[in-house]
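I opened my notebook today to look up a few things in a new structure.

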Amino acid sequence: MSTAQFESVSGSIANYKPDDRIITNDGFFPNIDTAEIRSGFRVLDSITADRLRQAVIRSMISVNQDLSSWKAAKIKDGASKLSDVSSDQIDGQSILKMQYFQAVGCYTRADLIDSYRDVDRTRHGRHETDDLEPASGDLRRDAIHAIRDILGKTRTTAVLI
């Protein structure tokens with residue numbers, strides 16, 4: 001397998017094996033390119049490719065599990081992949097694929113933020129960690145919103161008392 005170079009968002013040159021960037025999904029949901037997650041969700045270059053890959057895989061598993069019943073119903077209705085469910089697009093891209101990518105990316109970034117909390121526990125590090133906490137929760141909320149959008153569910157429920 002050959003090694004190629006790409007320019008990261010920060011402008012640095014990094015080596016990667018092209019096959020390592022793409023994480024193959026289950027055939028129904030789209031494959032995920034870790035380079036797109038890195039650039040689309042501002043994942044720092046200090047996060048290694050292997051660590052990013054593992055976080056993306058964990059996120060894909062979570063999103064796929066959250067959508068498993070929905071997927072089964074769509075397959076029963078004759079869809080063999082996500083793009084068969086709806087042809088709705090914005091800017092030439094499938095809305096469902098964008099929502100799936102959003103869910104995976106948000107969960108990935110939240111996972112990485114949470115896993116790096118224990119690296120620096122100095123006073124300065126604790127302060128920075130405290131600043132990250134709302135971001136992690138916000139990212140998880142955004143992932144849930146993307147999943148609910150795919151499911152066709154509303155984002156909030158109001159109950160009158």
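**Entry 1: the whole chain.** I noted at the start that this is a predicted model. I looked up the secondary structure and found seven helices and six strands. Reading from the N terminus, I wrote down the order β-β-α-β-β-α-α-α-α-β-β-α-α. The chain has 161 residues, and 32% of them are buried. Among contacts with a separation of 6 or more, 60% join residues 24 or more positions apart.

**Entry 2: the core.** Which residues have the most contacts inside the largest nonpolar core? I found Ile37, Val56, Val63, Tyr100 and Val104, in a core of 31 residues. Helix 3 (49-66), helix 6 (95-115) and helix 7 (123-151) are the elements that each give two or more residues to this core. Helix 6 has the largest share, with nine residues. I reminded myself that in soluble globular proteins nonpolar side chains tend to be buried together.

I then picked Ile37 and listed its partners, skipping neighbours within four places in sequence. Among them are Leu52, Val56, Phe101, Val104 and Thr108.

**Entry 3: helix 6.** Helix 6 came up so I checked its length. Its 21 residues reach 30 Å from the first C-alpha to the last, close to the 30 Å expected at 1.5 Å a residue. What caps its N-terminal end? I found Ser94 there, with a side-chain oxygen 3.4 Å from the backbone nitrogen of Leu96.

**Entry 4: the rings.** I counted four aromatic pairs in the structure. A pair of rings is described by the distance of the centres and the angle of the planes, and I wrote down both for two pairs. Phe28 and Phe29 are edge-to-face, at 5.0 Å centre to centre with 85° between the planes. Phe29 and Tyr100 are stacked, at 5.0 Å with 10° between the planes.

Buried means under 20% relative accessible area, so Phe28 at 4% counts as buried, and so does Phe29 at 2%.

Terms used. Residues are numbered from 1 along each chain as its sequence is written. This is a predicted model: local features need pLDDT of at least 70, side-chain atom pairs count only at pLDDT 80 or more; totals for chains, interfaces and linings use all residues. Side-chain values use heavy atoms; hydrogens and water are left out. A nonpolar core is a set of buried Ala, Val, Leu, Ile, Met, Phe, Trp, Tyr and Cys residues joined through side-chain atoms within 4.5 Å. Buried means under 20% relative accessible area, exposed over 50%, partly exposed in between (1.4 Å probe, protein chains only). Helices (H or I, at least four residues) and strands (E, at least two) are DSSP runs, numbered from the N terminus. Contact means heavy atoms within 4.5 Å. The expected span of a helix is 1.5 Å times one less than its number of residues. A polar contact is a pair of N or O atoms within 3.5 Å; within protein, one must be able to donate a hydrogen and the other to accept it, and residues adjacent in sequence count only if both atoms are side-chain atoms. Rings of Phe, Tyr and Trp (its six-membered ring) pair if their centres lie within 6.5 Å; planes under 30 degrees apart count as stacked, over 60 as edge-to-face and the rest as tilted.
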